[in-house]
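Open the model in your viewer and keep the selection tool at hand. The tour moves from one selection to the next.

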Amino acid sequence: AKLAEELIKRGFKIVSNGTDNHSMLVDLRTKYPDLTGKVAEKALVAADITCNKNMVPFDSRSAFQTSGIRLGTPAITTRGAKEDVMPIIVDLIDRVLNAPEDEAVIAAVRKEVNEMIKKIKKENNKTIIVITHDLEEASYADRIIVLNNGFVVADGTPKEVFKNELVLEASGLKTMESVSII
């Protein structure tokens, strides 16, 4: 409910005018009339913010484009996030949707998202398991396990795993030239 409340404060239209649960449908047409759900989803996912494009009532766009996105809080609350981070999350969402094709904005938000998750993880002594092909995201981990065809080919800290570029390349992962190890 807090996420929906914060989205409404920022000028987003929640289809049900709020929510009593963890999930909400956001109609983008009110705040970003030219932005499709497809573009919004792609930009937010690139910034490590999970959402899905979704049709909204009286949507003039096709199911492949949509005018809305579906957001939910389980992915962050199960990691230990509380209501106090919802305004920050809405700010991050708004920054991406304000510039959905700006790679610099998306990269900056992705970094903030991962730093926030790392901080929440540490504060709450949580173990977070993420399956990803994004090596920048993986660089925030305490431990990385690389699988190739179902077999473990590397296991260690990001620094240890990223040293072995042959294993990364053989596993279809790009090298770490542009990613700094934390």
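**Stop 1: a strand pair**

This is a predicted model. Select strand 5, residues 144-148, together with strand 6, residues 151-156: the two strands pair in the antiparallel sense, over five bridges. Now pick I144 and look across to strand 6, where its bridge partner is G156. Next, go to the turn. Strand 5 and strand 6 make a hairpin, with two residues between them. Select N149 there: its phi is positive, about 55°.

**Stop 2: helix 2 and its cover**

Select helix 2, residues 37-46. Which of its residues are buried? Colour G37, A40, E41, A43 and L44 to see them. Residues three or four places apart in an α-helix point the same way, because there are 3.6 residues a turn. Then show what covers the buried residues of helix 2: the cover includes strand 3 (52-54), strand 4 (68-72), helix 4 (86-98) and helix 5 (103-123). Before leaving, step to D48, which follows helix 2 and has a positive phi, near 65°.

**Stop 3: helix 4 against helix 5**

Keep helix 4 and helix 5 on screen. Their axes come within 9 Å and cross at roughly 160°. An angle over 145 degrees counts as roughly antiparallel, so helix 4 is roughly antiparallel to helix 5. The crossing is left-handed. For the contact, select I88, I89, L92, R95 and V96 on helix 4. Colour the contact of helix 4 with helix 5 by residue class: nine of its residues are nonpolar, two are charged and none is polar.

Note on methods
Residues numbered from 1 in each chain as written. Predicted model: local features only at pLDDT ≥ 70, side-chain atom pairs only at ≥ 80, totals over all residues. Heavy atoms only, no water. Pairing = 2+ DSSP bridges. Helix = DSSP H or I, 4+ residues; strand = E, 2+ residues; numbered from the N terminus. Buried < 20%, exposed > 50% of the residue type's maximum accessible area, 1.4 Å probe, protein only. Contact = heavy atoms within 4.5 Å. Axes fitted to C-alpha atoms, helices over the stretch in contact; angles between N-to-C directions. Parallel < 35°, antiparallel > 145°, perpendicular 65-115°, else oblique. Left-handed = near helix turned anticlockwise from the far one by under 90°. Nonpolar A, V, L, I, M, F, W, Y, C, P; charged D, E, K, R; others polar.
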